[in-house]
Amino acid sequence: MNFILFPWLLLGVLLNAAAQLLLKTGSERISELHFSWANIIPMGLQLITSPHIMLGLFFYVISVVVWIAVLSRVDVSIAYPMLSIGYIVNAIAAHYLFGEAITTTRVSGIFLILVGVYLVARS
């Protein structure tokens, strides 16, 4: 992989990870969502009036644009595994932001992801 493109790939991954964190924050700040036909309009209004949800969706859109640009220059078999960096970012951020546990099993998984990303990037 061209290392000049790596920052762009990483930007796409980080935007995607940030979008997940914003959507989680937004979902915690609105009332519980009940999926039914009768509730579709009130639920939709809650979603579109949530700044965290809207910012999260905006980050998703930007990450898709960045991702398309990256895919136009990098093999998908190289680029796609790099998305797993987002799992690492979100596990650490969720620990600090939401108090989610980082267990020994999760740390082991994160280590394996790092090894895998390194191996794929070097291929």
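Predicted model: local features only at pLDDT ≥ 70, side-chain atom pairs only at ≥ 80, totals over all residues.
Ser-63 belongs to helix α3, and with a relative accessibility of 4% the residue counts as buried, because buried means under 20% relative accessible area. When its neighbours within four places in sequence are left aside, Ser-63 is in contact with Gly-12, Leu-15 and Asn-16.

## The nonpolar core

The largest nonpolar core comprises 14 residues, and those with the most contacts inside it are Leu-9, Val-70, Val-74, Ala-79, Met-82 and Ile-85. At least two residues of this core are supplied by each of the helices α1 (6-29), α3 (51-71), α4 (76-82) and α6 (104-122).

## Aromatic rings

One aromatic pair is present in the structure. The ring centres of Phe-58 and Phe-59 lie 6.4 Å apart and their planes meet at 50°, so the pair is classed as tilted, given that planes under 30 degrees apart would count as stacked and those over 60 as edge-to-face. Phe-58 is partly exposed, at 47% relative accessibility, and Phe-59 is also partly exposed, with a relative accessible area of 22%.

A further ring, that of Phe-98, has the charged end of Lys-24 sitting over it, at 5.9 Å from the ring centre.

Technical notes: Residues numbered from 1 in each chain as written. Heavy atoms only, no water. Core = buried A, V, L, I, M, F, W, Y, C linked by side-chain atoms within 4.5 Å. Buried < 20%, exposed > 50% of the residue type's maximum accessible area, 1.4 Å probe, protein only. Helix = DSSP H or I, 4+ residues; strand = E, 2+ residues; numbered from the N terminus. Phe/Tyr/Trp six-rings, centres within 6.5 Å; stacked < 30°, edge-to-face > 60°. Lys NZ or Arg CZ within 6 Å of the ring centre and 35° of its normal. Contact = heavy atoms within 4.5 Å.
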